[in-house]
Amino acid sequence: MTDALKHFKGQLDGEVVICTFRKHWLSILPTLVSMPGLFIVLFLLFWNLPLLVEQGHWMSTLMIFALAALHTLIHRQFLTVFHYYLNTVILTDQRVVLIDKSVFFKDSKTSIDLVNVQDIQKDQVGFLQNFLNFGSLSFMLSGSSSPMVIDLVPRPEYQYKKIHEVKGSTPKWRDERDSNPRPLP
Amino acid sequence: MLIFVLLFVVQLGSVTLAFVALRRLYVYIHRYRFDESTYTLLFGFVHLRYFVIWYVVMVGVASVLELVYAFSLLGT
């Protein structure tokens, strides 16, 4: 499969994407709330520019630091938003892939093979989780004592059902491969 | 003059960072297509491009502010 046809980095040949989702918007709420604040600061600086120019040397020195900090904050906030958009969970017909990608600093991927999943647990505890319809999914894996947890999953009931559906219809070629393992050289 | 140069360096660095970030972002999202729907978008309707536009506007406005301030200082 060429890159042009892929939905994520590392997608296998013949692997079909069933559904995708991002984390719940609650994970990005603090960033979104602080964004209008940046805009207001920018507007106020523009509004008071003539006044700031008239001040002495100390004000221009202060302004360099203030503007550098403002630029840093703008980049930080928007890169966090881009991280939210790139951070995805993809359910395919073979596995669940957790992609943790940011623009500059992260490119991690965790894959849970559906064959190794023994049990899936959906947790939606508390008023907020039920009111805003999000929760966590825990995957009990064979050969591992601790479960693999995906938190802040939106519409967890739908994802839970979808994973069960996919797990119940494991492709035939996998059964054949598992029953007839390739002989060791 | 030193303050002018410093302000200019900060502005140039910021615009360059924004350009590189957006380029990396667009290269990635064009290579690996993501089927967006009401259930994947933020609040069901906010596309990534809205934030990209807002980002460009914010960096642009901050840079213009800095440039105007720098030239005003030169004039005094």
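## Nonpolar cores

The largest nonpolar core has 24 residues, and those with the most contacts inside it are I74(A), F78(A), V81(A), F82(A), Y55(B) and V59(B). A nonpolar core is here a set of buried Ala, Val, Leu, Ile, Met, Phe, Trp, Tyr and Cys residues joined through C-beta atoms within 7 Å. A residue is buried if 20 or more other C-beta atoms lie within 10 Å of its own, exposed if 12 or fewer, and partly exposed in between, with C-beta atoms placed from the backbone. At least two residues of this core come from each of helix 3 (57-86) of chain A, helix 1 (2-31) of chain B and helix 2 (48-75) of chain B. Helix 3 of chain A gives the most, with 11 residues. Another core, of 10 residues, lies apart from it and includes I90(A), V96(A), I99(A) and L114(A).

Leaving aside residues up to four places away in sequence, I74(A) touches L38(A), M58(B), V59(B) and A62(B); two residues are in contact if their C-beta atoms, placed from the backbone, lie within 7 Å. L73(A) is also found in helix 3 of chain A. L73(A) counts as partly exposed because 17 other C-beta atoms lie within 10 Å.

## Basis of the model

This is a predicted model, in which local features need pLDDT of at least 70 and side-chain atom pairs count only at pLDDT 80 or more, while totals for chains, interfaces and linings use all residues. Residues are numbered from 1 along each chain as its sequence is written, and chains are lettered from A and ligands numbered from 1 in the order in which they are written.

## The sheet of chain A

In chain A, four strands form an open sheet in the order 1-2-3-4, with antiparallel pairing. Helices (H or I, at least four residues) and strands (E, at least two) are DSSP runs, numbered from the N terminus, and two strands pair if DSSP finds at least two bridges between them. Strand 1 (17-22) and strand 4 (107-113) of chain A are the edge strands, each pairing on one side only. From one strand to the next, the twist averages 15 degrees.

Strand 2 (residues 88-92) and strand 3 (residues 95-101) of chain A run antiparallel and are joined by four bridges. V89(A) stands opposite L98(A) in strand 3 of chain A. Helix 5 (residues 156-168) of chain A lies across strand 1, strand 2 and strand 3 of chain A, at about 155 degrees to strand 1 of chain A. Axes are lines fitted to C-alpha atoms, for helices over the stretch in contact, and angles run from 0 to 180 degrees between N-to-C directions.

## Contact between the chains

The contact takes 33 residues from chain B and 33 residues from chain A. On the side of chain B that touches chain A, helix 1 and helix 2 of chain B are the elements giving two or more residues, and helix 2 of chain B gives the most, with 13 residues. By class, this side of chain B has 24 nonpolar, four polar and five charged residues. Ala, Val, Leu, Ile, Met, Phe, Trp, Tyr, Cys and Pro count as nonpolar, Asp, Glu, Lys and Arg as charged, and the others, Gly among them, as polar.

## Organisation of chain A

Chain A contains six helices and seven strands, in the sequence pattern β-α-α-α-β-β-β-β-α-β-β-α-α. Chain A is divided into domain 1 (3-23 + 87-178) and domain 2 (29-83), with bounds from an automatic or database domain assignment. Taken over C-alpha atoms, the centres of domain 1 and domain 2 of chain A are separated by 40 Å.

Of the 185 residues of chain A, 21% count as buried. Among contacts in chain A with a separation of 6 or more, 52% are between residues 24 or more positions apart. The C-alpha atoms of L73(A) and F134(A), 61 residues apart along the chain, are separated by 29 Å.
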